[in-house]
Amino acid sequence: MSRVLQARGVVMTFRNGDEETEVLRGIDVALETGELVALVGASGSGKSTLLSILGLLLRPTAGEIEIAGQRVEGMSERARAAFRNQRLGFVFQFHHLLPDFSAMENVAFPAAAPAGGISPEMRRRALSLLDRVGLADRADFPATRLSGGQKQRVAIARALMNKPDLVIADEPTGNLDLRSAGQVLDLMEEVNREDGGTFLICTHDEHVAARCSRRIQLVDGRVQAQDEGSDHRD
Amino acid sequence: MFALKVARRYLTSNPAQTVLLVTGVALGVTVFIFITALIEGLAIRLTDQVTANSAHVTLEPPTRLAEILTGDEAVRTEGVALVSTFQRRQIRAWRSTAELITRQPGVSALSPQISGNAFLVKGEAVQPVSVTGLEPEGLDAITPITPNLVSGQGALGADGLLIGTQLAEDLGLTAGQPVLLRTDRGGERLLTVRGVFKTGLQSLDSRVAFLSLQTARPLFDLPEGVTNIEIKLDDPGRAREVADFLAGATGLRATPWQEKNLNLEDALEAQGRTGTLIQLFSLISIVIGVASALVLSAYRRRSEVGIMRAFGISGGFIVAVFMLQGLLIGLAGGLLGCVSGYGLCTFLASLTDAEGNAPLPIAPERGGYVAVLILTTLGAVLASAFPARSASRIDPLEAIQQ
Ligand SMILES: Nc1ncnc2c1ncn2[C@@H]1O[C@H](COP(=O)(O)OP(=O)(O)OP(=O)(O)O)[C@@H](O)[C@H]1O
Ligand SMILES: [Mg+2]
């Protein structure tokens, strides 16, 4: 197994005028290819902040980060954007689909925008991803006409469009009912199992965390323990 | 191009707003076209009035001592001056000159004339007049007199005289009556008013009297020559170049009509400036309208744009999406405005008052369509630059966290 992510000594301090909040106090995280990892911790413990940093959406105060073998701290904003596009996939609590586009177009968007259009090959991949998330028959539906769970599944397909090395998901089921949440999680598990996709999922949901292969617990800005997920199954 | 597709999708997703925006731009363009066509039409009407009733190029003998004496030329010029002091200012070889002029392409008519100052005396009443002696068959060559006669007829004969209505009124004259003409050369003759004309031009109607060239000769003491040759061109716009050419070819002084009507040029320029100001304001209002609409649109789409940035879609793509929206709005509004502007101008130009005249001198074909289309499109693209830039700088985290 190769290492997808390696973060060392990640520190994040927010400054609001004179007031400083140290949210992350030296985090070390490593993810191997094909892992499905849950990031857990109390509300306000810094989970979203850490995901933003690992997803290159936020620059840490200190720390070294290596993703898919590349050091990312020194990259320019432009390079970080290109890196996010090529190497990372994002799923958020809210689907954030583009309302003026169809399900297929939403899925293809991350590939189409840099390339200047939806090529037949992109279209095929987008359709096969929609098929995989069980929405082949909804490909031409406008995003606004899908249900909440369907939208989130389209968002997952979109995150997978550019074959990312790592998918970062911040409470992907936080906004869904039990059944939809189950479907979304099944899907991520399936992609993880069949394609070897690597997932880092932040969640408050014990069911979700329990189905991951491993969990990382944040307490007071530090990683508390890195156990095998199976130890925590009840 | 995918950015274009996104831009189009954004515009069609809110059709009511887009239609309103495009209509606003089209309205600004219509105002621009209306003003341009009106100013141009006014200039054409004023110019036509002048060029229709007066010569386009006037040939006269060279002015005495016209040149400033410099160095080597001093002696020669002084010599010319000495000679001309004793000469009557006239064009002696006017027949050959007239032939030369007639052969020039673009010359539609010419009239050799004897012009001078005189007084018309009728009993106790005396009026200064500008006398024009011309060949009777060429009476209408420069100024259409016969069609503008209000009484009498245009046959000058040996002792005939044609005067304007204003002058006739001032002297209490009517067609058929005799009047005494006394020139500044001392000539005096009793003539008959054959006809009274009304051109609508104050200077003609109140100050000018026409008689035949033969009648004018003894009165102005010019047995052979003429004082000036008036020329009419097919295209008055070419007057300056024709004048330059004729001055070189004949050695005479050639004056294009524009130089005899400097007031008109000033008036046209002032009008043009007013027009430019209104055009500028209509363009500014277009730019402000498009900019504010796109600023709002960029604001409403913050989270969408933020999510695109999160997937790593480049700032350049976002800029392109918003600037293409500006381009599409500018093009659509510009084209629509051109159509409605042309429609409005054509309609207004077709209106006539009770006398069959157009109350608004609009030239629908001179609306500056290409210029306004280009300026509007450029303006709209420019207007979208700021919202495009600010959209491209949206922080993806803000969009995700809200
Ligand atoms: N931009 C910011 N400026 C100042 N403080 C911030 C900023 N972003 C986050 N924080 C603080 O950092 C801490 C961690 O926030 P974060 O969103 O990472 O928590 P979380 O673990 O994701 O919480 P939850 O489970 O509720 O989503 C919080 O105390 C928050 O107030
Ligand atoms: Mg969070």
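E22(A) counts as partly exposed, with a relative accessibility of 38%; here buried means under 20% relative accessible area, exposed means over 50%, and partly exposed lies in between, as found with a 1.4 Å probe and the protein chains only. This is a predicted model, in which local features need a pLDDT of at least 70, side-chain atom pairs count only at pLDDT 80 or more, and totals for chains, interfaces and linings use all residues. Residues are numbered from 1 along each chain as its sequence is written, chains are lettered from A and ligands numbered from 1 in the order in which they are written, and side-chain values use heavy atoms, with hydrogens and water left out.

E22(A) is placed in strand β2 of chain A. Helices (H or I, at least four residues) and strands (E, at least two) are DSSP runs, numbered from the N terminus. Which residues does E22(A) touch, not counting residues up to four places away in sequence? They are V11(A), M12(A) and T13(A), where a contact means heavy atoms within 4.5 Å. Between E22(A) and V11(A) there are 7.7 Å from C-alpha to C-alpha, and the two are eleven residues apart in sequence.

Eleven bridges join strand β1 (residues 3–16) of chain A to strand β2 (residues 19–32) of chain A in the antiparallel sense; two strands pair if DSSP finds at least two bridges between them. N16(A) stands opposite E19(A) of β2(A), and R3(A) has E32(A) as its bridge partner in β2(A). The hairpin of β1(A) and β2(A) has two residues between the strands, and G17(A) takes a positive phi near 65° there.

E32(A) forms a salt bridge with R3(A), and the closest N and O atoms are 2.8 Å apart. This pair links distant parts of the chain, with E32(A) in strand β2 of chain A and R3(A) in strand β1 of chain A, 29 residues apart. A salt bridge is a side-chain nitrogen of Lys or Arg within 4 Å of a carboxyl oxygen of Asp or Glu. E32(A) is buried at 18% relative accessible area, whereas R3(A) is partly exposed at 44%.

By this rule, the count over all chains comes to 29 salt bridges. Another is formed by E105(A) with R9(B), whose closest N and O atoms are 2.8 Å apart. Because E105(A) lies in helix α3 (residues 103–115) of chain A and R9(B) in helix α1 (residues 2–13) of chain B, the pair joins two chains. E105(A) is buried, with a relative accessible area of 10%, and R9(B) is partly exposed, with 22%.

D195(A) and R132(A) form a further salt bridge, with 2.9 Å between the closest N and O atoms. D195(A) lies in helix α6 (residues 178–195) of chain A and R132(A) in helix α4 (residues 120–132) of chain A, so the pair ties together parts that are 63 residues apart in sequence. Salt bridges that share partners join R132(A), E190(A), E194(A) and D195(A) into one network.

Four bridges join β8(A) to strand β3 (residues 36–41) of chain A in the parallel sense, with L36(A) opposite F199(A). Strand β7 (residues 166–170) of chain A is likewise parallel to β8(A), over four bridges, and V167(A) stands opposite F199(A). In a regular strand, side chains alternate between the two faces of the sheet. Both faces of β8(A) are covered: F199(A) and I201(A) on one side, and L200(A) and C202(A) on the other, are all buried.

In chain B, helix α10 (residues 262–300) gives the most to a nonpolar surface patch, with six residues. One of the patch residues is F281(B), which is exposed at 53% relative accessible area.

Finally, the predictor gives the complex an ipTM of 0.90 and a pTM of 0.78.

Conventions: Patches are made of residues with over 30% relative accessible area and no salt bridge: like charges are joined within 9 Å, nonpolar side chains (Val, Leu, Ile, Met, Phe, Trp, Tyr) within 5 Å. Accessible areas come from the Shrake-Rupley method with a 1.4 Å probe; for residues, only the protein chains shown count as cover.
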